[in-house]
Amino acid sequence: MPKLNKFSDEELAEIVRTKDNSAYAELIHRYEKKLLRYATYLINDEDLAADAVQEGFIKAYINLNSFNSKLKFSSWLYRIVHNQAINLISKNKRNISTDEILEMGSGTNLEDEFIKKEIKNNLHDCLNKINLLYKVPLTLYFLEEKSYEEISNILRIPIGTVGTRINRAKIMVKKICQKKQ
Amino acid sequence: MSKKTINLEKNIMAKVKSGKITMKPRWYFILGSLLMIAGLSGLSIGAIFLTNLSFFLLRQHGPRGDYRLQLMLESFPWWIPFLAIIGIVGGVWILKKYDFSYKKNFSLIVIGFVLSILAAAFIIDYSGLNDFWSHQGPMRGFYQRLKNQDSVFPTKKGGGQGGQRKFTE
């Protein structure tokens, strides 16, 4: 078999389900770190995040035959891990942003680059004070660098709603970051 | 980073290799899709039929028919629209499972679905199919019992004949 890293995710998924299930290791290798980072942002607990990602990978393997290879594998995988993380949050009653959830206010849009820098610099302070509803699309957009369409596929919400939530989240981040300074 | 995190790939692949986790076969998902299509079709057809039946009964005995409102409210077979509503709700629930449901405006999809059922039911009733079915064919008995406000379900005494009060006289 040629080197697995030459194949796209979708081709690898096809290989796993039809030829060689050990190729799944390559898919895990590609997404392990990204998904752990994403799950940790959501859950705020490394061990629980690792559980969510592990369960996500297992579920993805069990249901691999339901994956439509015409679609993006990464969106499908993120969706599974996202659901696992949300289930874990409800199960453990860990409300990530209980201490200070910022209310929506009016405001103007900020430059994306500024937001990106702010999020990266003050990661926990900025993100943990935002309601999960807005935090998730913002994390996917800025930190995981997903497109609106991919976020729509991961969260199963219309693209318009993705845009609205990201814009509102930007305003919230601006308020939090300004408060800090 | 915790130890659990480091061993993620190893843990999962050990389970895959040992056969502790196996892929569900393709037919399992095909069967699921077929059942979903069958469920949606069945619920839609059922909802159309029951809504059409409600229109038919309203036309027969409604405000312009031989019932007075109070009499109609007392004797109308409410199980028909009730089941029709359950069918519509079930149909909407299945629609939500489809991939396209989140890409479009789901409220519009629901409104379209409900309006389609109402329109189909109205067209069936308007086309005279109910009148035809109530006079001939295998559905005749069912329609006659409904028109006479008898129970369509067999009862202990009357076996479906005269199980409820009649208001047609």
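Start by selecting Val81(A). Leaving out residues up to four places away in sequence, Val81(A) touches Leu35(A), Tyr38(A), Ala39(A), Ala52(A), Val53(A) and Gly56(A). Keep in mind that this is a predicted model.

**Stop 1: the core around Val81(A).** Which residues have the most contacts inside the largest nonpolar core? Select Ala39(A), Ala49(A), Ala52(A), Val53(A), Leu77(A) and Val81(A). The core they belong to has 49 residues. Now colour helix 2 of chain A, which gives the most to this core, with 11 residues. Next, colour chain A by domain. Domain 1 (4-92) and domain 2 (112-180) both give residues to the core, so the core lies between them. In soluble globular proteins, nonpolar side chains tend to be buried together.

Then look for a second, separate core. This one has 14 residues, including Ile48(B), Leu50(B), Ile88(B) and Tyr143(B).

**Stop 2: helix 4 of chain A.** Return to Val81(A) and show the helix that holds it, helix 4 (73-92). Its 20 residues should span 28 Å at 1.5 Å a residue; the end C-alpha atoms are 29 Å apart, which agrees. Which of its residues are buried? Select Phe73(A), Ser74(A), Ser75(A), Trp76(A), Leu77(A), Tyr78(A), Ile80(A), Val81(A), His82(A), Gln84(A) and Ala85(A). Now show what covers them. The cover includes helix 1 (9-18), helix 2, helix 3 and helix 8 (148-155) of chain A.

**Stop 3: helix 3 of chain A.** Move to one of those covering elements, helix 3. Its 17 residues should span 24 Å at 1.5 Å a residue, and the end C-alpha atoms are 24 Å apart, which agrees. For the buried residues, select Leu48(A), Ala49(A), Ala50(A), Ala52(A), Val53(A), Gln54(A), Gly56(A), Phe57(A), Ala60(A) and Tyr61(A). Among them, Ala52(A), Val53(A) and Gly56(A) are touched by Val81(A).

**Stop 4: between the domains of chain A.** Chain A is divided into domain 1 (4-92) and domain 2 (112-180). How many residues does each domain bring to the contact? Domain 1 brings 10 residues and domain 2 brings 9. On the domain 1 side, show helix 2 and helix 4, the elements that give two or more residues. Colour that side by residue class: 4 are nonpolar, 3 polar and 3 charged.

**Stop 5: where the chains meet.** Show both chains. Here 24 residues of chain A are in contact with 20 residues of chain B. On the chain A side, helix 2 (24-43) and helix 3 (46-62) are the elements that give two or more residues. Helix 3 gives the most, with 9 residues. The chain A side divides into 13 nonpolar, 6 polar and 5 charged residues.

**Stop 6: each chain as a whole.** Switch to cartoon.

- Chain A has 9 helices and 0 strands. Of its 181 residues, 37% are buried. Among its contacts with a separation of 6 or more, 68% join residues 24 or more positions apart.
- Chain B has 9 helices and 0 strands. Of its 169 residues, 16% are buried. Among its contacts with a separation of 6 or more, 56% join residues 24 or more positions apart.

End back at Val81(A). It is one of the buried residues of helix 4 and one of those with the most contacts inside the largest nonpolar core.

Technical notes
Residues numbered from 1 in each chain as written. Chains lettered and ligands numbered in written order. Predicted model: local features only at pLDDT ≥ 70, side-chain atom pairs only at ≥ 80, totals over all residues. Contact = placed C-beta atoms within 7 Å. Helix = DSSP H or I, 4+ residues; strand = E, 2+ residues; numbered from the N terminus. Nonpolar A, V, L, I, M, F, W, Y, C, P; charged D, E, K, R; others polar. Core = buried A, V, L, I, M, F, W, Y, C linked by C-beta atoms within 7 Å. Buried ≥ 20, exposed ≤ 12 C-beta atoms within 10 Å, placed from the backbone. Domains from an automatic or database assignment. Expected span 1.5 Å × (residues − 1).
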